[in-house]
Amino acid sequence: MLFNSYIFVLLFLPLALAGYFLLNRLNHQVGKAWLLGMSLWFYAYFNFSYFYIIVASIVLNYLMNRLITRMQSRQGRIALLILTLCINLGVLFYYKYYDFFVGNINAVFGTGFVLRRLVIPLGISFFTFQQLSYIIDSYRGEVPAYNMLDYALFVTFFPQLIAGPIVTHDEIVPQFADPSKKRLNAENFTKGLTAFAFGLGKKVLMADIIGQAADWGFASVGMLNTTEALLVVLCYTLQIYFDFSGYCDMATGIGLMFNIDLPMNFESPYRSFSIQEFWKRWHRTLTRFFTRYLYIPLGGNRKGEARTYINIFVVFLVSGLWHGASWTFVLWGAMHGAASLLNRRFEKQYNRLHAGLRWLLTFGFINFAWIYFRAESIGAANLMVVKLLRLDFGAVNPAMLSVFRLPGIELANRLLSTFAGVDLLGKVPALPMMLCLAFGIFAILAMKNTNERVLAYKPSTGIALVTAVLLVWCLFSFSDVSIFLYFNF
């Protein structure tokens, strides 16, 4: 089920909220069971076969965790931990990476192993990593004895189930046990609704529109001139920003409606002045996961400079592969790893540069790396780079411009033409695109993000009006519903 769909906004969310708070008046355990059931419905709505996968994963991990905590022998606990990690990573590998590795083996050795063409269960990377963190923390003796209901709700809580944030048990399970969070809180609800509306607006009114231009461009790389190539790359840079930022805002907002505080996962990353800063702002909980459960176990920065650089680069390679089974993602991770190492090695010299130049270098690199992240193949990405370097600037294809000529804009232009005799779109066909991209750049650099603006606000008529307008506007824009980009990872 998608946050940006009629069934979610008009049926699922009101039903989940009403049932949760009403049943909590009877019994808190019943309220949690209701929320678990709704979360499983939310997940299974995409494909009911996913239901069996996530339930089996929850049951297996919970039972293995119980075995680990009861095992007296240290060697036995280590063996169970390794077995549990192998099972989880094996399932993830089978669904997400089997065809990638087998396809590459066939290509290199000329073998004929059959590809399975498996459908990747939505969110499998997220709920697998979340359970891995629980199992590892439990092995370390850092997890209380939660019951099955608490554990299952920790894994499946629907606002963060499909695309994060990747939460830890200590961040969320105690909140579900807190009696003060069992009743509807008007302040939390209004803040949550506002955050949801802002996130929905980012997704529906920005990401989905700009994304059509990016999709057109990456599907037509061979026919692009340099002007179009620059605009297509910028469109994707803005699309993935508003798409993921919108999801994070909506997840945070829905959590607040249930009085649950989810960790901040997105903090205006395009304002970063270095790649290291970028990764402290983009998908913060994924960075935290890799730091805690990969970088530090590899040795972190405790075994000398050379080993530190190797550990950092390994983390970025794994991060790239985590995003998808393709060499484009691996290369994207390697590019960010190399940039991070260079930034670390020459940090003093880099910090002497003017702040504007540091931002420009960082933002330029991010845009360049997104080409390889988005392209269907490394060859297609290389072709896009060639188009950028060819410097054959020219007019923008009308097919790309048409994406931004929305019905409201066409209507406004007709009215202007009728009453003022000015056909603005006829004179400047690129105006809607220019305004949309300019607003997007202004928003990511100058406007307060949702955490700064919404979650710290005091209720006002102006905020209520903006929230209502955004919700209504988005509801009337659901005709072309699209999934969130991070659902694919």
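This is a predicted model: local features need pLDDT of at least 70, side-chain atom pairs count only at pLDDT 80 or more; totals for chains, interfaces and linings use all residues.
Visitor: Where is Ser 272 found?
Guide: Ser 272 is in the loop between helix H10 (226-257) and helix H11 (275-281).

Visitor: Okay, is Ser 272 buried or exposed?
Guide: Buried, because its relative accessible area is 1% and the cut-off for buried is under 20%.

Visitor: And what does the side chain of Ser 272 reach at 2.6 Å?
Guide: That would be the backbone oxygen of Pro 269. The side chain also reaches the backbone nitrogen of Phe 278, at 3.3 Å.

Visitor: Leaving aside neighbours within four places in sequence, which residues is Ser 272 in contact with?
Guide: With those neighbours left out, Ser 272 is in contact with Glu 277, Phe 278, Arg 281, Trp 359 and Thr 362.

Visitor: What lines the largest cavity?
Guide: The lining is made of Ala 195, Cys 248, Asp 249, Thr 252, Met 264, Asn 265, Phe 266, Thr 450, Asn 451 and Leu 455. H10 and helix H22 (450-453) are the elements that give two or more residues to that lining.

Visitor: Which element gives the most to the lining?
Guide: H10 does, with three residues.

Visitor: How do the lining residues divide into nonpolar, polar and charged?
Guide: For the largest cavity, five are nonpolar, four are polar and one is charged.

Notes. Residues are numbered from 1 along each chain as its sequence is written. Side-chain values use heavy atoms; hydrogens and water are left out. Helices (H or I, at least four residues) and strands (E, at least two) are DSSP runs, numbered from the N terminus. Buried means under 20% relative accessible area, exposed over 50%, partly exposed in between (1.4 Å probe, protein chains only). A polar contact is a pair of N or O atoms within 3.5 Å; within protein, one must be able to donate a hydrogen and the other to accept it, and residues adjacent in sequence count only if both atoms are side-chain atoms. Contact means heavy atoms within 4.5 Å. On a 1 Å grid over the protein atoms alone, a cavity is a set of points where a 1.4 Å probe fits but cannot get out, and a pocket is an open set with protein on both sides within 12 Å along at least five of seven lines; lining residues have an atom within 4 Å of a point. Ala, Val, Leu, Ile, Met, Phe, Trp, Tyr, Cys and Pro count as nonpolar, Asp, Glu, Lys and Arg as charged, and the others, Gly among them, as polar.
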